[in-house]
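Please look over the model shown here.

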Amino acid sequence: MEYSIQDSDEQLLRTMAVGDTEAMTAFYRRHEARVYRYLLSRLNDSFTAADLLNEVMLEVWRSAARFAGRAKVTTWMLGIAHNKVMTHWRKQGAREFTDLDDNLTDDTPAADLEQVLAAVKDGQVLRACMQTLSPPHREILHLVFFEELDYAEIASILQIPEGTVKSRVYHAKNLLKKQLARAMRSP
C-alpha cells in the first residue's frame, strides 16, 4: 500500500503495529529530519545523532502498538529520543549539566531576545552561540523555538515538571542572549 501526506501519524502507527513496513518507511521519511535535529541539539555529534535516530525509529516500530494517544505522536516520539540520549550518556559515563551559575553578571544590553535574534543575520553565529550552551539548555531552546512545542509537551518529553521547563527556558534564553550580544560586539 502506498502512503501519502494525508495519512495521519496515528494511522501510520496503527498500520505499523500490524507489521506494515511501508508505513514505517513513510513514518521514517516524515520524521527523520525532525528527530535528527533534536538528537543533534542534545549531542552535538552528527555520527551519534545518526545512530540514535535509527534506535529511536526502531523503538517507534516496536512500540507502535502501545501508543495510547495520551500525547501527540511527535511528543511521544521525541520522548523516546530523549530517553535514548539519556541512555547514551549513562553508557558514556557522562552526567547531565543542570547547575546554573546565578552569580554571573548580565553584561548584555537590555535588548529583548527576539530583537537580538532578529538582528542576527548570519545563522552561523546563532548556531555557534547555541553550541556554547549546556546540553539541557540547547535542548530546551530547540524544543521551544525549532519544534515549537508548548511547555506541557516539553515537560512530557523530558519527564520533568512544567515549572522546571519554564525555569530552564528562562535561563537558557538569558544565556543565549549573552552569547549573541558578545558575538555581535566581536568584529
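## Salt bridges

A salt bridge here is a side-chain nitrogen of Lys or Arg within 4 Å of a carboxyl oxygen of Asp or Glu. The model is predicted. By that cut-off, the structure holds five salt bridges. Side chains of opposite charge can pair when their charged atoms come close.

Glu153 and Lys72 meet through their side chains in a salt bridge, at 2.8 Å from N to O. This pair links distant parts of the chain. Glu153 sits in helix 8, while Lys72 sits in the loop between helix 3 (46-63) and helix 4. They are 81 residues apart. Glu153 has 12% relative accessibility, so it counts as buried. Lys72, at 46%, counts as partly exposed.

## A bridge from loop to helix 2

Glu147 pairs with Arg34 in another of the salt bridges. Their closest N and O atoms are 2.1 Å apart. Glu147 belongs to the loop between helix 7 (135-146) and helix 8 (151-158), and Arg34 to helix 2, so the pair ties together parts 113 residues apart in sequence. Glu147 has a relative accessible area of 4%, so it is buried.

## A bridge with an exposed arginine

Glu59 forms a salt bridge with Arg66. Here the closest N and O atoms are 3.9 Å apart. Is Arg66 buried or exposed? Arg66 is exposed, because its relative accessible area is 59% and the cut-off for exposed is over 50%.

## Arg42 in helix 2

Arg42 lies in helix 2 (residues 21-43). Its relative accessibility is 1%, so Arg42 counts as buried. The cut-off for buried is under 20%.

Which residues does Arg42 contact, leaving aside its neighbours within four places in sequence? They are His82, Val85, Met86, Trp89, Pro135, Arg138, Glu139 and Leu158.

## Helix 1 against helix 4

Helix 1 (residues 9-17) packs with helix 4 (residues 73-92) at an angle of about 60°. Their axes are 10 Å apart. Angles of 65 to 115 degrees count as roughly perpendicular, and those under 35 as roughly parallel. Helix 1 and helix 4 are therefore oblique to each other.

Helix 1 brings Asp9, Glu10 and Leu13 to the contact. Helix 4 brings Val73, Thr74 and Trp76. How do the residues of this contact divide? Three are nonpolar, one is polar and two are charged.

Notes:
Residues numbered from 1 in each chain as written. Predicted model: local features only at pLDDT ≥ 70, side-chain atom pairs only at ≥ 80, totals over all residues. Heavy atoms only, no water. Axes fitted to C-alpha atoms, helices over the stretch in contact; angles between N-to-C directions. Helix = DSSP H or I, 4+ residues; strand = E, 2+ residues; numbered from the N terminus. Parallel < 35°, antiparallel > 145°, perpendicular 65-115°, else oblique. Contact = heavy atoms within 4.5 Å. Nonpolar A, V, L, I, M, F, W, Y, C, P; charged D, E, K, R; others polar. Buried < 20%, exposed > 50% of the residue type's maximum accessible area, 1.4 Å probe, protein only.
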